[in-house]
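Please look over the sequence and the model below before reading on. A short briefing on selected local features comes after them.

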Amino acid sequence: MTTHDIYLLSPEISMAGLAILLILVDLVVSRKSILTIVAVLGLAVPLALSIVLWFDLTDQAATQMKADFGTEIVTFVVDKFSLFFKFLLVGATALVILASSEYVSKFKNFHGEFFALILFATSGMMLLASTVELITIYVSLELTALPIAALAAFMRDSRSSEAGLKFLILSAISSAVLLYGMVIIYGFTGTTVLADIATQLGGLLDGESAFGGNALLFGVILVIAGFGFKISSVPFQMWAPDVYEGSPTPVTAFLSVASKAAGFAVILRVFYIAFSAEILSVDWSAVFAVLAAVSMTFGNLVAIRQNNIKRMLGYSTIAHAGYLMVGLAAVASRTPDADAIIGPSGVLFYLSGYAITNLAAFSAVIAISNRINSDLIDSFAGMARRAPFLAGVLGFSMISLIGVPPTVGFMSKIYIFGAAVDTNLEWLAVTGMVNSVISAYYYLRVVKVMYLREPIDDAPVGSALPMKLAVMVTMAGTAFFGIYPTPLINLARSAVDVLVS
Amino acid sequence: MLDDYFRQYALLAIFAAFAVAVPTGMLLMSWMLSIMKIRPQKPSLIKQAIYECGFETLSGRWSQFNFRFYAFALIFVVFDVEVVFLFPWAASFGVMSATFGAFVLLEMVVFVGILVVGWLYAWRKGALEWS
C-alpha cells in the first residue's frame with residue numbers, strides 16, 4: 001500500500017466513507033430528509049475523484065495497483081473501462097437514492113442504514129469494475145452481494161424476508177459454483193491474474209480440442225454459470241422474479257441496473273482478457289449466443305402473463321440480459337474483417353441506455369405505487385388523468401424498453417443487433433427483433449391501462465421534489481441519447497479499447 | 001522430490017495407525033483383565049451413569065430462548081472476530097512496519113474505527129437495551 005494506491009482507490013474509499021458518514025449523521029439528526037441530501041451531495045466526491053482519475057490517464061496506459069507476495073501481482077487497475085462503469089454506477093446510485101427519498105419513510109428508524117447499505121454495495125460494484133485478478137473479483141462480488149441481501153429483506157414482511165433469504169442462498173450457491181470454476185482454471189494455468197491466465201493458455205492450447213481440454217472447458221462453464229446468476233440469465237434466472245417482487249422497489253431498481261452493470265463489467269473483463277485466445281473466444285461466444293437467445297425469449301414470454309408491475313419488470317430484466325449478451329457473443333474473431341470493439345462497446349452502450357430507461361420506469365413506478373399502495377398493473381388504471389406527468393414518463397420509458405424511436409432503447413438495440421450482424425450472427429439479431437415485437441405486448445399494456453382505462457379513484461397522485469428530479473433527469477437522458485447518442489457511443493468505444501489491445 | 005511427497009503420506013498412515021491402536025488397545029486390555037478376573041466387575045447405578053460430558057439433562061431440550069439473545073450474540077461475534085484479526089496483526093507488527101511504515105498502524109485504526117461506528121450505531125439505535 002502506497003499513497004499512490006490510495007489515490008487509485010479513492011473513489012471506492014470515498015464511497016465507503018460516505019456510507020459510514022451517513023450512519024453517523026443518522027444518529028445525530030432528527031429530520032431524516034437531511035440524509036437524502038447528504039447522500040446525493042456526498043456522491044459528488046467519488047464522482048469527482050473518478051473524473052480526476054479519468055483525466056490523469058495518459059492515453060492507453062492503465063494505472064495498476066500491485067500486491068507484493070514475493071512476486072508482484074496486479075490486482076486492481078484504473079483504466080477507461082473501469083472508470084466508465086464507475087460513472088455509470090455512481091449515477092445510478094444517485095438516482096436510486098433520489099427516487100427512494102419518499103419510500104424510505106416506510107422504514108421508520110432505519111433511513112441511514114438503508115442508504116449506507118446501498119453505498120456499501122456500490123463500492124463493491126466499483127471495485128468489481130476495476131479488478132483483474134480472480135480472488136479480488138470474488139471478494140468484491142461478496143462485498144456487493146451481502147448488503148443487497150440485507151436490503152432485499154429490509155421491509156420486514158414475509159415477502160421481503162423471502163426475497164432476502166432467496167437472494168442470500170442463491171448468491172452463496174452461485175459464488176460456490178464460480179469459485180469452483182476459478183479453482184479449476186487456476187489448477188490449469190497456475191495463476192489467478194487474468195492477463196497471466198491468457199499467456200499461460202497461449203502456450204497450452206493445441207488448436208485441436210475445444211478449450212484445449214475438458215478440464216478448462218468445465219472451469220469456463222462453471223464461471224459462466226456463476227456469472228449467469230449475477231446477471232440473471234436463463235437458466236440461472238429463477239431467483240430474479242421473486243427477489244424483484246419482494247424487495248423494496250428502490251432496491252429492485254438498484255438490483256436491475258447497478259448490479260447487472262457490475263456483472264457485465266466483470267464478465268467482459270474476464271472473458272476478453274483471460275480467455276481472449278481466438279480458438280477460445282469462438283467457443284464461448286457460441287455459449288453466450290445460445291444463452292442470449294434463450295434468455296430473451298423466456299423473459300419476454302413469461303412477462304406477458306404478469307399482473308404485478310415489479311414482477312413484470314423482473315422478467316423484463318431477464319429479457320434485457322439476453323439482449324446484452326448478444327454483445328458478448330459478437331466477438332471479433334468470428335469474422336476476419338470485423339470491427340474489433342463493436343461487441344463490447346455495444347454492451348457498454350446498451351447498459352447505459354438500459355440503466356437510464358429502467359431507472360426512469362422504476363422512479364415513476366415508485367412514485368405512483370408508493371402513493372396508491374399497490375404494485376398491480378390494474379391499479380394503474382387511468383393514471384394519465386391522476387398523475388399526467390408520471391404516467392407520461394412511465395409510458396415513455398416503456399416505449400424505450402420496447403426499442404421504438406426516438407428513445408435511447410432504440411439506438412442501443414440498433415447498435416447491439418448491428419454488432420451481431422457484423423459478426424455473422426444474423427440469426428441472433430433476427431431472434432432479438434422478433435423478441436422486441438413480443439415485448440411490445442406487455443410494455444404497451446401498461447400504457448393502455450394508464451391511458452385508456454377509467455380511473456378507480458379520482459384523487460390526483462402527487463410526488464415530492466427529489467422524486468420529480470429523479471424522474472426528470474432519467475426522462476431527459478432517455479430522450480436526449482435517443483436523438484443524439486454519439487457522445488455516449490464514443491465514450492463506450494474509447495472505454496473498451498483496453499479490452500482488445 | 002517424489003519420495004518426499006509420499007513420505008508425508010507415510011507419516012499420515014503412522015498417525016492413523018496410532019489413532020486406531022490406542023483406543024482399541026485400551027478396550028482390549030480392559031476386556032483381557034476382566035477375563036483374567038483381575039478387574040472386579042461390580043456394576044452399580046452410579047458407575048453406569050453418564051460421565052465426562054457434564055450433567056444429565058434436566059428437562060426437554062427444545063426450550064425456547066429469548067429472541068434478544070440473537071442480537072447480543074451478533075454484536076459479540078463482531079468483536080470476537082475483530083480480536084481474531086488483531087492477534088496476527090499485533091504479532092507481525094514489527095516485521096510489517098519495517099516495510100510499510102505508519103500504514104500498518106493506520107490500517108488497524110481504520111478497521112477498528114469502522115467497527116466502533118457500528119457499535120455506536122447499535123448502541124444509539126437501542127440494540128443493547130434489554131426491554
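Predicted model: local features only at pLDDT ≥ 70, side-chain atom pairs only at ≥ 80, totals over all residues.

Residues are numbered from 1 along each chain as its sequence is written, and chains are lettered from A and ligands numbered from 1 in the order in which they are written.

**Contact between the chains**

- Six residues of chain A and eight residues of chain B make up the contact, two residues being in contact if their C-beta atoms, placed from the backbone, lie within 7 Å.
- On the chain A side, five of these residues are nonpolar, one is polar and none is charged.
- In this scheme Ala, Val, Leu, Ile, Met, Phe, Trp, Tyr, Cys and Pro count as nonpolar, Asp, Glu, Lys and Arg as charged, and the others, Gly among them, as polar.

**Chain B**

- Chain B is assigned a domain 1 (1-55) and a domain 2 (68-124); such bounds come from an automatic or database domain assignment.
- Between the C-alpha centres of domain 1 and domain 2 of chain B there are 43 Å.
- Helix α3 (residues 93-100) of chain B lies largely in the open, because zero of its eight residues are buried.
- A residue is buried if 20 or more other C-beta atoms lie within 10 Å of its own, exposed if 12 or fewer, and partly exposed in between, with C-beta atoms placed from the backbone.
- Helices are DSSP runs (H or I, at least four residues), as strands are (E, at least two), numbered from the N terminus.

**Helices α4 and α19 of chain A**

- The axes of α4 (residues 80-99) and α19 (residues 465-483) of chain A come within 7 Å and cross at roughly 140 degrees.
- Axes are lines fitted to C-alpha atoms, for helices over the stretch in contact, and angles run from 0 to 180 degrees between N-to-C directions.
- α4(A) and α19(A) are therefore oblique to each other, given that angles under 35 degrees count as roughly parallel, over 145 as roughly antiparallel, 65 to 115 as roughly perpendicular and the rest as oblique.
- From α4(A), the contact uses Leu95(A), Leu98(A) and Ala99(A), and from α19(A) the residues include Pro466(A), Met467(A) and Val473(A).
- By class, the contact between α4(A) and α19(A) has eight nonpolar residues, one polar and no charged.

**Cis peptide bonds in chain A**

- Val234(A) is joined to Pro235(A) by a cis peptide bond with omega near 5 degrees, and Pro235(A) sits in the loop between α9 (214-230) and α10 (239-246).
- The bond from Pro405(A) to Pro406(A) is also cis, with omega near 0 degrees, and Pro406(A) is in the loop between α16 (388-402) and α17 (408-422).

- Asn373(A), not a glycine, has a positive phi of about 60 degrees and lies in the loop between α14 (342-372) and α15 (383-386).
- Asn373(A) counts as exposed because it has 7 C-beta neighbours inside 10 Å.
- Asn424(A), not a glycine, has a positive phi of about 60 degrees and is in the loop between α17 and α18 (426-452).
- Asn424(A) has 12 C-beta neighbours inside 10 Å, so it counts as exposed.
- Asn370(A) is in helix α14 and is buried, with 21 other C-beta atoms within 10 Å.
- Not counting residues up to four places away in sequence, Asn370(A) touches Glu102(A) and Tyr103(A).
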